[in-house]
Amino acid sequence: MSNVLVIATSLRTGSNSDVLAERLTAGAKDAGHNAELISLKGKEIRFCIGCLACQKTQRCVQKDDAPEIADKVLHADTLVFVTPIYYYEMSGQMKTLLDRLNPLYSADYRFRRVYLLSTAAEDEAFVPEKALSGLMGWVDCFEKAELTDSLFCGGLTDAREALTAAAHLDAAYAFGKALL
Ligand SMILES: Cc1cc2nc3c(=O)[nH]c(=O)nc-3n(C[C@H](O)[C@H](O)[C@H](O)COP(=O)(O)O)c2cc1C
């Protein structure tokens, strides 16, 4: 059993990736994991200002919602980032969060496995490649962790479309059930 933290980064009402993150989390729970799903909706996460004070203190100088998320990430075994594809990349809010997790770089983090679930309007296999590459850059800096697997759910444009996308719902559940 792992402590799984699923971080949904879409800010859209009726978000497709949120719907799939919920299915994924249900699969993880059914597999026996202790799984928590959090969303960046309504959270204040400012840009990293690059002061690097966190490398001495393991704390960020900024007072917003990022430190609380960083604390959850610190204690998770498995991380699942969930993002809509924006201009063939991860969402800006996901990238901003990754930067704000910099206090963990010099901390005794537990996570060893990192996964990505992405959604997009287009349905070609290349669409999530740059988002994966970006996340890989972050994971590469956390040497005890690896980017274990990813799931891309394409062909989703309008809000709530995922609710009736049976194949994607099933795939997200199975992906969650197979998490390590
Ligand atoms: C700013 C922006 C950029 C987008 N860029 C892409 C893109 O490059 N490729 C694509 O297939 N879809 C793109 N989309 C569509 C979203 O990825 C798609 O609607 C997805 O289902 C949104 O997920 P969400 O509902 O979880 O936010 C973009 C949407 C927005 C708002």
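What follows covers a strand and its neighbours, then a helix pair.

## Ground rules

This is a predicted model, so to speak of local features takes pLDDT of at least 70 and side-chain atom pairs count only at pLDDT 80 or more, while totals for chains, interfaces and linings use all residues. Residues are numbered from 1 along each chain as its sequence is written.

Helices (H or I, at least four residues) and strands (E, at least two) are DSSP runs, numbered from the N terminus.

## Strand β3

Seven of the seven residues in β3 (residues 78–84) are buried, so the rest of the structure largely encloses this strand. Buried here means 20 or more other C-beta atoms within 10 Å of a residue's own, with C-beta atoms placed from the backbone. Both faces are covered: Thr78, Val80, Val82 and Pro84 sit on one side, and Leu79, Phe81 and Thr83 on the other.

## Its partners

Strands pair if DSSP finds at least two bridges between them. β3 pairs with β1 (residues 3–8) in the parallel sense over five bridges, and Ala8 stands opposite Val82. β3 also runs parallel to β4 (residues 113–119), joined by seven bridges; there, Phe81 has Leu116 as its bridge partner.

## Helices α1 and α6

Helix α1 (residues 16–30) packs against α6 (residues 166–177) at about 40 degrees, with axes 6 Å apart. Axes are lines fitted to C-alpha atoms over the stretch in contact, and angles run from 0 to 180 degrees between N-to-C directions. Contact means C-beta atoms, placed from the backbone, within 7 Å. Residues meeting across this pair include Leu20 and Leu24 in α1, and Leu169 and Phe175 in α6.

Conventions:
A residue is buried if 20 or more other C-beta atoms lie within 10 Å of its own, exposed if 12 or fewer, and partly exposed in between; C-beta atoms are placed from the backbone. Two residues are in contact if their C-beta atoms, placed from the backbone, lie within 7 Å.
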